[in-house]
Amino acid sequence: MNILTQATSPHNNYTKQAFLVTPTYFLINGSFIDAGFGGKLTGVEEFANGDIDLEFLESKIKYFNSLDKSTDEEKLAKLSIIKDTTRVEKKIYEYVLYITPNFSNPKGGILSDDCKIKLVNLARKYDILIIADDVYDLLDYSRPYNEIPNYHKRLVYVDRETMKDQENGYGNTISNGTFSKLIGPGLRVGWQESVNPKLANILAAGGAHRSGGSPSQANTVIVGELLQSGSLDKIISNLRKVYSERAKTMIESIKEYLPQGTEISGGEGGYFFWITLPKGYDCRKICQECDNRGVVLANGDHFEVIGDSRNWGDSSVRISISVLNNDEIKNGVKIWDEVCKDLYP
């Protein structure tokens with residue numbers, strides 16, 4: 001929310017549109033709408049391989065650019081009313097994109113390095129700010145839990161490595177991180193990273209931050225102690241051990257019990273799987289009956305970009321490995337299968 005407040009301006013249409021990778025994190029819509037992007041949200045589809053539809057993204061940007069008849073003088077006038085010269089010089093972007101590049105929420109996909117490079121180049125070309133939720137990166141299950149997690153390059157690193165004027169440019173990426181996924185959900189402490197101090201200083205110079213400071217000062221001290229003592233490494237290692245076992249159980253159970261042709265996305269890291277049932281199964285009806293039997297499935301309808309529906313609820317659900325143990329996961333999938341067989345004998 002702070003990023004949108006400090007680096008975008010949808011109210012006067014300087015920032016023309018916000019793009020959210022779809023299916024998307026189901027609570028992110030509200031943040032964009034509160035920031036003034038109501039009616040200005042467009043979904044960009046995540047493919048089965050984890051990449052996103054860059055051709056569609058560029059075509060939409062060209063369309064919105066064609067609608068903007070503002071002169072350079074008018075654009076400068078728009079910027080002048082939102083810049084406070086008593087603070088740092090602001091950079092306002094014409095577009096903004098929200099994405100979880102590694103172990104995405106909800107699909108669990110990983111953006112390829114090639115797609116990351118193309119996306120950063122596209123952002124530079126069209127003045128897009130990419131907000132990357134890099135919150136699951138360390139929860140990698142492709143390597144043993146007692147080894148260093150598999151490294152998936154962050155977009156902010158791609159931006160920094162390929163940026164020509166690192167001293168004076170602002171960059172086009174911000175990386176969001178949080179300890180709430182690594183230590184405990186109630187520990188709402190995070191960090192942000194940009195290519196250099198220029199964009200970071202804009203975020204730190206917001207009116208609320210200058211007045212009140214960090215909202216997580218006490219929790220930050222706790223995290224600092226865990227980092228210095230080495231306890232955080234042990235916590236993350238244990239999470240990777242437990243979650244990797246659960247991910248394996250989830251995949252095995254789905255393959256054993258659910259209808260043939262069921263598609264599985266995710267499982268290499270993070271919290272989530274995206275499960276798509278074969279044609280002929282009404283996923284909304286199945287989710288409702290599962291709920292009646294004590295199994296909660298997050299229907300795909302929850303993961304739409306508001307105003308740009310793709311009908312994810314027809315056939316898909318998001319499921320999580322962050323709460324239930326192996327036996328509960330297996331039993332839940334069994335009940336899910338029983339519902340499928342009862343409704344579609």
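Tutor: Let's begin with a pair of strands: β8 (residues 272-276) and β10 (residues 316-320) run antiparallel and are joined over five bridges. Strands here are DSSP E runs of at least two residues, helices are H or I runs of at least four, both numbered from the N terminus, and two strands pair if DSSP finds at least two bridges between them. Do keep in mind that this is a predicted model, where local features need pLDDT of at least 70 and side-chain atom pairs count only at pLDDT 80 or more, while totals for chains, interfaces and linings use all residues. Residues are numbered from 1 along each chain as its sequence is written, and side-chain values use heavy atoms, with hydrogens and water left out.

Within this pair, Trp 274 sits opposite Arg 318 of β10. Now widen the view: the open sheet has four strands, ordered β7-β8-β10-β9, with antiparallel pairing. β7 (263-266) and β9 (298-299) are at the edges with a single partner strand each, so one side of each lacks a neighbour in the sheet.

Next comes a helix. α10 (residues 231-257) lies across β7, β8 and β10, at about 10 degrees to β8. Such angles run from 0 to 180 degrees between N-to-C directions, with axes fitted to C-alpha atoms, for helices over the stretch in contact; contact means heavy atoms within 4.5 Å.
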